[in-house]
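Hi,

Here is the structure I promised to pass on.

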There are 2 protein chains.
Amino acid sequence: MNLAVGIDIGGTKTKIGLVDASGNCLDYLFFRTRDYDDLDAFLDKIKGSIDELIIKQKKPLHLVGCGVGAPNASSRTGTIENAANLKWKGSVPILEKLKQRIDLPMRIMNDASAAALGEMLFGNAQGMTDFISITLGTGLGSGIVANGQLIEGFDGFAGELGHIDMTLGDGRMTGLNVKGGLEAYVSATGLKRTILYMMSKYLDESRFRGIAYNDLHGEDITKAAEEGDPIALKAFDYTAKILGLALANFTAFTQPQAFFLTGGLVNSGKWILEPLERYFEDCLLDVYKGKVQILMSGLPDKTTAICGAAALIWEKQR
Amino acid sequence: MNLAVGIDIGGTKTKIGLVDASGNCLDYLFFRTRDYDDLDAFLDKIKGSIDELIIKQKKPLHLVGCGVGAPNASSRTGTIENAANLKWKGSVPILEKLKQRIDLPMRIMNDASAAALGEMLFGNAQGMTDFISITLGTGLGSGIVANGQLIEGFDGFAGELGHIDMTLGDGRMTGLNVKGGLEAYVSATGLKRTILYMMSKYLDESRFRGIAYNDLHGEDITKAAEEGDPIALKAFDYTAKILGLALANFTAFTQPQAFFLTGGLVNSGKWILEPLERYFEDCLLDVYKGKVQILMSGLPDKTTAICGAAALIWEKQR
């Protein structure tokens, strides 16, 4: 059986899985990225995890390659550059060091771009030539496909839509010390910040007036919206408005036929999606109205990133 | 001699020229677009103009095709859709109707996208795989090249960067009845509007306090800046700031290696370009700093659009 290894290096967890040619993740495991201050120890752990997965399969298999998704990774240079949420600073030659341990065809890419490739090969974007994937997690990640190809950029750092500024330089700070970046508004973290903003702006009673920021979780905001909490409702509306405007802006860039949403914020369901649809259509230029869909990712939640990383390998086999 | 016909349909002028395989425009002529309320009369005039150019050449030549650039034109459908600055409204089947008159291989595209193709084939973007052309005229037009290909979008309307909103929906109106569109700030018209805005905001003495908006011209603003007029200087700085931020945003999208600027506003030279460079580098994410150039178009000013239209044909011959 032919399988590809998919490795997703995240700020919190690193996930490793075995993925077949149809995008099924047969098995996977994960460990905490932050437990490894030392890069070499981290890479040894990855190597050990792959061996463990292979042994567990208990049947003959052929590994066709190893794909890696990581924040701030460049497909052109094979490095991770100054990732805000990883411990290893500067330019990390991750591909070169992994190749010393794993003798397989290997490819690395920005995690959100890899997710877009996974959506195209295995998910709901199959057959589409123009679409954009948006991951709404702790931050906002994105992968852009146009003319049937992933847009990688001149040296592999295209698709950083979480850092697009729509506030004329006068907005919230992001983790990268950038003012007004989209992810400061539209992400799980952005929603929490908007709860604070709405409590600062309005006088409504709200359960959140009794909860500290550090104790605030996304699911609590959804629950509060369900109970009619006015601050939660205002926060969802504001988040949806900014995301709707952003997606309308992105449409004027590459004119995708669809956006695919994934990540924690999407779990808030109708509270975010219904106003989003409305604001999006409202903000679209006439020439685009009614032509662009907002869809959910077709990949299983827990293994989306692994499938995306494996897609880097399977794309080359097709 | 092999030549391509390049036709640029603009809001004010329609230009028609003969262009060789190296992008040299051997001869061209133009007429006023607005003199033709009737589409058929307009297309007959185009046909007659091509015949006129051929006769003037006085030597044997072979026409390899006819390329057309027009605002709001779609390469996918061959139509012009609701162009704000053309008289013919709705969906205009321009390609079909031209083919009835001209028996040549024919291609149509958004004028700004055609200009990008011209830059890639004949101008300063030769050999580049990732760049963006920005035309700063009455409005702001753009053409995006990534992975060595023009980004056309799902049905041919990609690259409308003049309509990207960076004001969270609270900005100036554009001609398309859109709020906050970039071209309302960064264009020849946008600069004039910014003169008004600066006079509304500040109390500085300025020559523009004695000039009506309708009598205001771009070259006057450049001249005033040269004479130290504080309102003109503030207006250029503000325009450059918004353009710098916009180009930084666009970099986070496709990570081009260069932007190519063209159009009337560029004639203001250092007054716009020097602050632009500064704001642009300042707004770029660290991962992009020092990697993206702002360059001038390498095509001759008067025939840029004709060369771009002809490039639609020459691209297919290579």
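Predicted model: local features only at pLDDT ≥ 70, side-chain atom pairs only at ≥ 80, totals over all residues.

Strand 2 (residues 13-19) and strand 3 (residues 25-32) of chain A pair antiparallel through seven bridges. For the terms: helices (H or I, at least four residues) and strands (E, at least two) are DSSP runs numbered from the N terminus, and two strands pair if DSSP finds at least two bridges between them.

Residues are numbered from 1 along each chain as its sequence is written, chains are lettered from A and ligands numbered from 1 in the order in which they are written, and side-chain values use heavy atoms, with hydrogens and water left out.

Now the other sheet in chain A. Five strands form an open sheet there in the order 10-9-8-11-12, with mixed pairing. Strand 10 (149-150) and strand 12 (293-296) of chain A are its edge strands, each pairing on one side only. Strand 9 (residues 140-146) of chain A runs antiparallel to strand 10 of chain A, joined by two bridges; Ala146(A) has Gln149(A) in strand 10 as its bridge partner. Helix 7 (residues 270-283) of chain A packs on this sheet and touches strand 11 and strand 12 of chain A, at about 160 degrees to strand 12. Contact here means heavy atoms within 4.5 Å; axes are lines fitted to C-alpha atoms, for helices over the stretch in contact, and angles run from 0 to 180 degrees between N-to-C directions. Helix 6 of chain A lies across strand 8 (131-136), strand 9, strand 11 (258-262) and strand 12 of chain A, and runs at about 150 degrees to strand 8.

Over in chain B, five strands form an open, mixed sheet in the order 3-2-1-4-7. Strand 3 (25-32) and strand 7 (106-110) of chain B are at the edges with a single partner strand each, so one side of each has no neighbour in the sheet. From one strand to the next, the twist averages 15 degrees. Strand 1 (residues 2-9) and strand 2 (residues 13-19) of chain B run antiparallel and are joined by six bridges. Helix 1 (residues 39-57) of chain B lies across strand 1, strand 2, strand 3 and strand 4 (62-70) of chain B, at about 150 degrees to strand 3.

Then the interface. The contact takes 43 residues from chain A and 43 residues from chain B. Together the chains bury about 3700 Å², 62% of it on carbon and sulfur atoms; buried area is the accessible area (1.4 Å probe) that two parts lose on being put together, summed over both. Phe154(A), Leu168(A) and Phe253(A) supply 22% of what chain A buries against chain B, more than any other three residues.

Phe253(A) also turns up in the lining of the largest cavity, as does Phe253(B). The elements giving two or more residues to that lining are helix 6 (230-254) of chain A and helix 6 (230-254) of chain B.

Cheers

Terms used. 1 Å grid on protein atoms, 1.4 Å probe; cavity = no way out; pocket = protein on both sides within 12 Å on 5 of 7 lines; lining within 4 Å.
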